[in-house]
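Subject: Handover of a model and notes on its helices, sheet and ligand shell

Dear colleague,

I am passing on the structure below, together with my notes on what was found in it. Please read the notes with the model open beside them.

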Amino acid sequence: MNPLSVLVPLLKLYYCGIRVLIYQMFHRSFTLPVLQKQNGRVGIVTGGTRGMGYETAKHLARLGMHVFIAGNEKEEGLAAARTIQEECREGKAEFLFLDLTSLNSVRKFVETFKGRGLPLHLLVNNAGTMLIPEMQTEDGFEAHFSLNYLGHFLLTNLLLDLLKRSGSPGCSSRIVNMSSATHYAGVIHMKDLNRRQSYSSHGAYAQSKLALVLFTYYLQEQMTAQGFPVMVNAVDPGMVDTALYNNLWSLAQALKKPFAKTLFRTPTEGASIIMYAATASEMEGVGGCYLYNGEKRQSAQDSYDSELQAELWKMSCQLAGL
Ligand SMILES: NC(=O)c1ccc[n+]([C@@H]2O[C@H](COP(=O)([O-])OP(=O)(O)OC[C@H]3O[C@@H](n4cnc5c(N)ncnc54)[C@H](O)[C@@H]3O)[C@@H](O)[C@H]2O)c1
């Protein structure tokens with residue numbers, strides 16, 4: 001293996017991280033506007049068992065939404081739903097099993113959810129993992145690609161009919177895709193999406209987060225062209241102190257600790273960008289954006305490449321069996 005294929009993505013990723021930390025050193029987390037009540041609305045938050053997903057699910061339930069926490073950790077998920085339910089009397093929280101690394105599990109989840117006969121107004125594609133060693137999912141995909149991107153791609157597509165039906169002009173359904181500043185370091189290896197030729201966990205994570213931005217823009221374009229009231233946005237929460245960093249190398253873990261206390265955002269602060277895209281009235285009718293700290297930002301140059309968007313979409317349909 002060429003050592004540069006490991007070193008270059010690693011340096012690019014850390015460069016992105018340092019830039020975010022410098023930004024966070026001088027800018028406070030943005031303040032959410034007053035959010036409208038969500039009574040009567042139904043949402044799904046993937047990875048809502050802990051971290052930013054949990055904070056999002058809690059806030060949504062506090063606003064009156066019926067929230068489904070979708071995750072692969074049953075105990076944690078049931079406990080999260082119980083706690084939210086006890087704290088937020090106005091809304092409702094339930095746990096539904098979903099393992100995003102399994103296309104079969106995604107299909108089963110959608111079947112179970114649709115079996116409930118509920119509408120769906122919000123889908124937050126939040127679950128994710130970072131910097132795990134090379135491993136293949138049961139479907140034979142690289143794990144970052146599968147969990148962070150392809151599982152969410154399939155989930156969204158299978159729920160799209162419901163999202164289209166549940167939205168209306170002036171009251172759109174919303175999809176929020178959790179990206180990251182690391183997408184700026186991402187490269188889509190169209191001929192080697194599973195990174196078999198030269199695996200780098202840093203490169204694989206960055207690729208998955210760039211793929212989510214390409215997916216966001218392409219899907220919004222389709223929804224707009226077909227006249228469906230569905231708004232799709234990608235969000236970037238900054239650097240947030242969560243369990244996501246548990247897979248960092250031990251040296252990086254040790255270096256991270258003092259910074260995490262002072263410079264990282266809290267999970268609640270990180271979740272506020274999801275809440276903004278998911279519920280703010282300012283975001284009604286607004287889609288196809290990359291949002292950071294409460295503002296629309298330019299995403300990576302490659303993410304605006306419409307040919308790349310279309311190619312990735314086509315390939316993802318094939319891989320997900322759509
Ligand atoms: N923490 C940060 O600094 C940061 C920065 C940018 C983007 N993000 C993104 O934010 C999202 C949430 O991460 P977090 O920081 O709250 O970390 P976290 O580890 O606290 O949360 C990750 C969630 O994903 C779930 N998950 C993991 N594997 C799953 C699977 N196979 N199927 C279903 N769910 C699964 C976990 O159970 C957990 O609920 C991720 O997509 C992450 O990439 C985080």
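Which strands does α8 lie across, and at about what angle does α8 run to β5? Before the answer, two remarks on the source. This is a predicted model, in which local features need pLDDT of at least 70 and side-chain atom pairs count only at pLDDT 80 or more, while totals for chains, interfaces and linings use all residues. Residues are numbered from 1 along each chain as its sequence is written.

α8 lies across β4 (122–125), β5 (173–178), β6 (230–236) and β7 (290–292), and runs at about 155 degrees to β5. Helices (H or I, at least four residues) and strands (E, at least two) are DSSP runs numbered from the N terminus; axes are lines fitted to C-alpha atoms, for helices over the stretch in contact, and angles run from 0 to 180 degrees between N-to-C directions; residues are in contact if their C-beta atoms, placed from the backbone, lie within 7 Å.

The sheet itself is open and mixed in its pairing, with 8 strands in the order β3-β2-β1-β4-β5-β6-β7-β8, where two strands pair if DSSP finds at least two bridges between them. β3 (92–97) and β8 (295–297) stand at the edges with a single partner strand each, so one side of each is left without a neighbour in the sheet. Strands β1 (residues 42–46) and β2 (residues 66–71) pair in the parallel sense over 5 bridges, and V45 has I69 in β2 as its bridge partner.

Y54, A57, K58 and A61 in α2 meet A80, I84 and E87 in α3.

α2 also supplies the largest share of the shell around the ligand, 3 residues. Of the 29 residues around the ligand, G47, G51, G128, S180 and T242 come nearest, where a residue is near a molecule if its C-beta atom, placed from the backbone, lies within 6 Å of it.

With best regards

Key. Contact = placed C-beta atoms within 7 Å.
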